[in-house]
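Biologist: I'm new to this one, could you walk me through it? I'll ask as we go.

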Amino acid sequence: MSTSIAEGLPVRAETTNEEALERIRRVIAGGGSSNMRNLGVPRPLVVAGARGCTITDIEGRELIDLNMGYGPMLFGYGDQDVLSAIAAQMRRAHMTGLPSDVDARAAELIQILVPSMEQVRFANSGTEAIASALRLARATTGRNLVVTFEGHYHGWSETILRKTTPSLGSSEVRSGALGMIPEALRHTVQVAWNDIDGLQQILEHVGHSVAAVILEPVLANDGVCGPAPGFLQHVRELTTRYGSLLIFDEVITGFRVAAGGAQARYAVRPDLTIVSKVMGGGFPVAAFGGSREIMAPLARNEALHAGVYAGNHLAMVAVTACLEKILANPSTYEYLEHIGQHVEQRLREGVAHCSAQVSIDRVGSVLAFGLIDGDGRSSGVIRRRPRYSMDAHRELQMRCQDRGVYFQPNPREPWFLSTAHTRPILDRAINVILESLGERATSA
Ligand code: PMP
């Protein structure tokens, strides 16, 4: 029996992932503090450490990670610049509950990189920041309805319940639906992604009641699908015409698909933006922001947004360290594009030689790879939900995990590449994936 230095808890060297997960499940409902982490995971993987682009499990096995904590780790795990900034701030001041110069520096850097975010408020998670942004949109416009797009994810609060949120009010209780307020559904309307005519029709009918149109400028929560050419510009024109706010949920795309996020990549200025993952480098932080005028109800304390930990010093210095690193290394995005292209190309070449139906989609360093049913691919500009073959994909995921390559077992969750992913490491991962695909085909 040895003792873990980190926790002071006894750890048996021979602990297996199964045993460790059993222990976790006894005290954490479902085995993880997010349903997303617990759903449909075929083979438990309990993490003991993470560095660069690899994770080490409790059994001491190293795996190449293609999920990277659902996206925040643009510079890989254990980035020294972020760690040093956190350590220095711990010594200086940590949790005061008062304004600080560290808040200002983080907000100024956001504004430099994303100029539409003239003023911001910080929050602890994407869900929180989105709920506050939607409340602000309702406060500013005096309207209630929110238009969303199919497959887009904006957190788990009631404010943003959508038709595809696990069904409410039906006799069959679907996963996650219990306890939600069904009436909240009356305040959202949903359109297919890239369907500009569908959006126009809705706005023609109920535009006078629409507070906001919210979207992921690159859909990245149901596979990956970028905006059709001109689509975002068109949405911008329509929302302006009907007096509704345009909200970009850049929780994933912010500081990832370009230094200035998707709004820089596609040259469209939203009214409100939510940023989170990459800017915190793994620390829990989010921000929402827009022009001074739009943020005025918050500045005047007319609309409510609060939180003991909102803008806490550690999150602020993590943001500062990550954004300063982005500003100092503009070639980061060329590198990410380069490795993204390489991975996509190698996968496409590899799957061309096997019988499996695979869908591969990518924008920059965000890539979706999933096994699909025969004709499950979306065709045309309007995005239809890809028909992923969940069981086959999970089986492939298990084979890869057993061979040291991790990606999320749910194909709707994309891969996130980082500057820590080198070409040789990625080639190793791709070889494992293609070999596993080949084996699957011969054993099927
Ligand atoms: N929006 C998008 C686009 C997301 O991808 C996520 C999380 N994956 C959220 C919102 C919710 O963020 P959080 O989990 O931090 O609440």
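Biologist: Which residue does D79 meet in a salt bridge?

Modeller: The side chain of D79 meets that of K325, with 2.7 Å from N to O, a salt bridge being a side-chain nitrogen of Lys or Arg within 4 Å of a carboxyl oxygen of Asp or Glu. D79 lies in the loop between β5 and α3 and K325 in helix α11 (residues 313-328), so the pair ties together parts that are 246 residues apart in sequence. Helices here are DSSP runs of H or I with at least four residues, and strands are runs of E with at least two, numbered from the N terminus.

Biologist: What sort of model is this, and how are residues numbered?

Modeller: It is a predicted model, in which local features need pLDDT of at least 70 and side-chain atom pairs count only at pLDDT 80 or more, while totals for chains, interfaces and linings use all residues. Residues are numbered from 1 along each chain as its sequence is written, and side-chain values use heavy atoms, with hydrogens and water left out.

Biologist: Back to that pair: are D79 and K325 buried or exposed?

Modeller: D79 is buried, with a relative accessible area of 12%, and K325 also counts as buried at 18%. Buried means under 20% relative accessible area, exposed means over 50%, and partly exposed is in between, using a 1.4 Å probe and protein chains only.

Biologist: How many salt bridges are there in the whole structure?

Modeller: A search finds 20. One of them joins D57 and R61 at 3.2 Å, N to O; D57 is buried, with a relative accessible area of 2%, whereas R61 is partly exposed at 28%.

Biologist: Now the domains, where do they run?

Modeller: The assignment, which is automatic or from a database, gives domain 1 (1-65), domain 2 (80-328) and domain 3 (331-444).

Biologist: How many residues of domain 1 and domain 3 are in contact?

Modeller: 15 residues of domain 1 are in contact with 16 residues of domain 3, where contact means heavy atoms within 4.5 Å. The two domains bury about 1400 Å² between them, 58% of it on carbon and sulfur atoms; buried area is the accessible area (1.4 Å probe) that two parts lose on being put together, summed over both.

Biologist: And which salt bridge does D402 form?

Modeller: D402 pairs with R43, the closest N and O atoms being 2.5 Å apart. As for the count between domain 1 and domain 3, it is 1 salt bridge, and on the side of domain 1 that touches domain 3, the largest share, 4 residues, comes from β5.

Biologist: Last one, which residues of α6 are buried?

Modeller: In helix α6 (residues 196-206), the buried residues are I196, G198, L199, I202 and L203. Seen down the axis of α6, they fall within an arc of 160°, so they line one face of the helix; the arc is that of the directions from the helix axis to the C-beta atoms. On the other side of α6, D197 and H205 are exposed.

Biologist: What covers that buried face?

Modeller: The cover over the buried residues of α6 includes β7 (145-149), β8 (188-191), β9 (210-215) and α7 (231-242).
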